[in-house]
Amino acid sequence: MSLYLAVLAAGIAVDAWLLAYALLRIRRTLAKLTLVALLLSFVVMSAAFLGREYAGLGAEWAPVALWTFVLSHPLAALFILVAVHGEALLRRYPAVLLILAPAPVLAAFAPPAGYDLARAYGTAPLNWYLVLCLALPLGEAVAAWSRSVARRSELFLLLAGALVLVLTGPVYGFELEATGLAEAAGSNPGTPLTAILFAAALTLANPAPMRRVPRGAAWDPHFPQGRLLLVDEARPKASAHYFAAAVAGGRPGLKLVRGSAAPVAGHGSLAVAALAPVRWPGSVVLATASEFLARHPAGIVFLRDLAYLVTLAGLPAARDALQALRRAAAGTAGTVVASLALLTPEERRDLLAIPGAASVRLPDPAAEIRAILEARFGAGAVHLLQSFAAREHRRLEDLTYEDVPAVETFLGTAMAVLARAPGDEPMVLGWRKALDHASLDLDRFVRRTLPEAAAGPWASEVRRAGGEELVVRASDYWHGKELDEMLHFAANQMNRVRYGDRVRGAFVQVLGRTGEHLFEAEVRRLGKTPADLGPEDVRRLAASAEAIVRSLEAAIDVASGRADLEARAHRLRAMLSGMTEEAGRAV
Amino acid sequence: MPFDSTYVDGLDIVLVGGLPRASVVLVAGAPGTMKSSLAYAILHGNARRGRKGLYVSLEQSRESLLDHTRGLEMDPDGTAGNLSVLDLSALRARMEEARGPAWLDLFKMYTQTLKASFPYEFLVIDSLNALEILAKFERHRREVFDLFKWLRGLDATCLVISELPPDPEGGDYRSAADHREDYLSDGIVHLKLAKRGDFGVQRQLRVVKMRGRNHNTDYHALVFDGGFKVTRILS
């Protein structure tokens, strides 16, 4: 018996340690609560049994041991059901709580009915209740495990834990009774193994860290409530824009992005969680989203990097996770939004076929901005847009809704450059009018809600009217020069300013105020002003930057100080080289 | 208030303990009074005991300075790399095109950069006059006030060498009338050449000012004999 005693004592220690672990590390609120309650009942049950059998505790402890023993069964059932069905279980099926109801009733009737801990599994109707409490979650776990692809590992651990509980509970109890060792019955030596498996299941599917956000608004004009919305788009820009607009309007939002275990980020109503390359990404995504929706039933979960999830978990698991998310959002005011950007056409088709999921197709803002400008300025508008993108250190295809104000400002500046060039008054007026029209179109494009944007029409899909809307034709007013040539001229003029600013910025960034002085000295050496610097000057400045930093290094005789300057020189060279390459392309 | 020893024989007694830590002290004197050598000796003495010092030379090249100090038996090799000379004179050609404030920014960039990689506890600026000329101070008092304030933020004991015009009479300390940096510094050590008889000249040192210390204000003889010594003047 001393070995059995040691096993039970070690079991109490393991259960208590896992209880503390669950309290501190598990982030699924409801699952954590039920697991903690279950582990607490395990600890009290085993301690009371040990105390009575081996430490001489009085008979008054018998009801405690019996009651915690009985209670551990519905708690185990409740935990497994919560772990299988997610945080929405109690909202969707509140009747499941009734499984706890017989426990106090049976405990109250225990003395008159003559229930005994050692023969709990052999006394009706108590044994019916206990077996039901174990059979029900076991069946649910088996059913979920056989259906789910995304959560197979997690559900297997739950299933194994439930099986261990059955084997070391009723099966072991009946065996003890059959072998005449009934005094050992009433305890469960398998609780630590069960606890380890349950805790492991929750750890595998532990939600990514996320900040708590205020409750906020329950509605926004962009997303339908209680739905899984699949956004068909080339890049996750339109969905991100409308998600940001909804969150800015006060609706609680969780953005799930790819990345390592990032620090908890976000602001206002926005929480950001990073999906690290874990072994069971489907479980983590589902747990994270479910936890957020449990905290904020009117919230939005935005899966920006669904393609990343597909890469990590595979298409079947991602589809399975999305289906589970659809169920989690159903019947609530919440929304799950997933961007299909960067997926193959086959993958898109597969996911768009998820039953019950809503879907929309949204335009790429970069293509729309370009199309709007081309409709007003003709093919030459692309020069201006390319110039703008280069100035902002962006690629043309990366432009999005948030760039529209800056694009409008840039166009205004380009307009001013053209107006300074020799030309006639009607041409300038015509340009201004075209610019006003383009700005109006851009504003209208940005202000559209998601349903309006999905309904169209999209500028990129409307056949251009061939320049009929142009108020002024270049051939009419620019001495025969073509329109795109004028725009090229404006872009080049603006590039020259850009080079001066950028080279100065590189010098200042690397060498502080000294950098600014050195930059000005070098520009004076070239006989120019910063505004006059062109691509060819950037090459010369990049070449002289080496000599500048070498001379700065020569002043120092401390190796560490020279290394610091060497590092700065390297940065300056790299920055200027980048500009030189760009200048080469521009030339 | 903590103090930094100068490791110059007799000088710590005159200063009643040493230089106040992280203070800005002017070392003023006419040409030939060994201001640079004395400041270097303080750096060298501390460097030999493991405390890092930075000597910023705005006029004299590193090679020339080190030749000079080796002649005074202060070999930088004996400091185990705890003494660094920042030779800004080498940058004059490069900075020729730069405007005045560039020098002050350059000086700050270097001293701040080195503080991070070479955490010096002593800083010598040789000289304030050279920096003023290179940086083209226009509002002199204001700019020196800002510079001294900035130096205090370095958390290093700073010795700022200040050139005074030659005084054939070897009179008492008189600051340059239009500069008045002596009001802004925490201490002033005055060096002078005093005539001794018809042919002799003696180097003398006086601590004119040292904030927070009841120091000795008398003139003392500054003697170099294998190392600096500050002794009472024997009549």
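Okay, so let's start with Asp398(A), which is partly exposed, with a relative accessible area of 22%. Buried would mean under 20%, so at 22% Asp398(A) counts as partly exposed. By the way, what you see above is a predicted model. The side chain of Asp398(A) meets that of Arg395(A) in a salt bridge, at 3.1 Å from N to O. And Arg395(A)? Here the relative accessibility is 44%, so Arg395(A) is partly exposed too.

Now go to another pair, Asp557(A) and Arg62(B), whose side chains meet in a salt bridge at 3.7 Å, N to O. Look at the letters in those names. Asp557(A) lies in the loop between α22 (535-554) and α23 (559-586) of chain A, while Arg62(B) lies in helix α3 (residues 62-71) of chain B, so this pair joins two chains. Are these two buried or exposed? Asp557(A) is partly exposed, at 34% relative accessible area. Arg62(B) has 12% relative accessibility, so that one counts as buried.

Staying with where the chains meet: how many salt bridges are counted between chain A and chain B? The count is 1. The contact itself takes 25 residues from chain A and 24 residues from chain B. The area buried between the two chains is about 2,000 Å², and carbon and sulfur atoms give 55% of that. On the chain A side, our friend Asp557(A) turns up again: together with His517(A) and Ala555(A), it supplies 25% of the area that chain A buries against chain B, more than any other three residues.

Next, a pair inside chain A. Arg28(A) and Glu87(A) meet through their side chains in a salt bridge, 2.8 Å from N to O. This pair links distant parts of the chain, 59 residues apart: Arg28(A) is in the loop between α1 and α2, and Glu87(A) is in the loop between α3 and α4 (89-92). Both residues are buried.

Let's move to the nonpolar side of things. The largest nonpolar core has 67 residues, and those with the most contacts inside it include Leu35(A), Phe69(A), Val70(A) and Leu130(A). Several helices of chain A give two or more residues to this core, among them α1 (2-25), α2, α3 (62-85) and α7 (126-147). Which element gives the most? That's α3(A), with 15 residues. Leaving aside neighbours within four places in sequence, Leu130(A) is in contact with Phe69(A), Val70(A), His73(A), Ala120(A) and Tyr121(A). Apart from this core lies another one, of 65 residues, and its members include Leu541(A) and Leu572(A) along with Tyr110(B) and Leu154(B).

Last stop, the surface. Leu40(A), Val44(A), Leu57(A), Trp61(A) and Val64(A) make a nonpolar patch of about 370 Å² there. Take Leu40(A), which lies in helix α2 (residues 29-54) of chain A.

Methods. Residues are numbered from 1 along each chain as its sequence is written. Chains are lettered from A and ligands numbered from 1 in the order in which they are written. This is a predicted model: local features need pLDDT of at least 70, side-chain atom pairs count only at pLDDT 80 or more; totals for chains, interfaces and linings use all residues. Side-chain values use heavy atoms; hydrogens and water are left out. Patches are made of residues with over 30% relative accessible area and no salt bridge: like charges are joined within 9 Å, nonpolar side chains (Val, Leu, Ile, Met, Phe, Trp, Tyr) within 5 Å. Accessible areas come from the Shrake-Rupley method with a 1.4 Å probe; for residues, only the protein chains shown count as cover. A salt bridge is a side-chain nitrogen of Lys or Arg within 4 Å of a carboxyl oxygen of Asp or Glu. Helices (H or I, at least four residues) and strands (E, at least two) are DSSP runs, numbered from the N terminus. A nonpolar core is a set of buried Ala, Val, Leu, Ile, Met, Phe, Trp, Tyr and Cys residues joined through side-chain atoms within 4.5 Å. Buried means under 20% relative accessible area, exposed over 50%, partly exposed in between (1.4 Å probe, protein chains only). Contact means heavy atoms within 4.5 Å. Buried area is the accessible area (1.4 Å probe) that two parts lose on being put together, summed over both.
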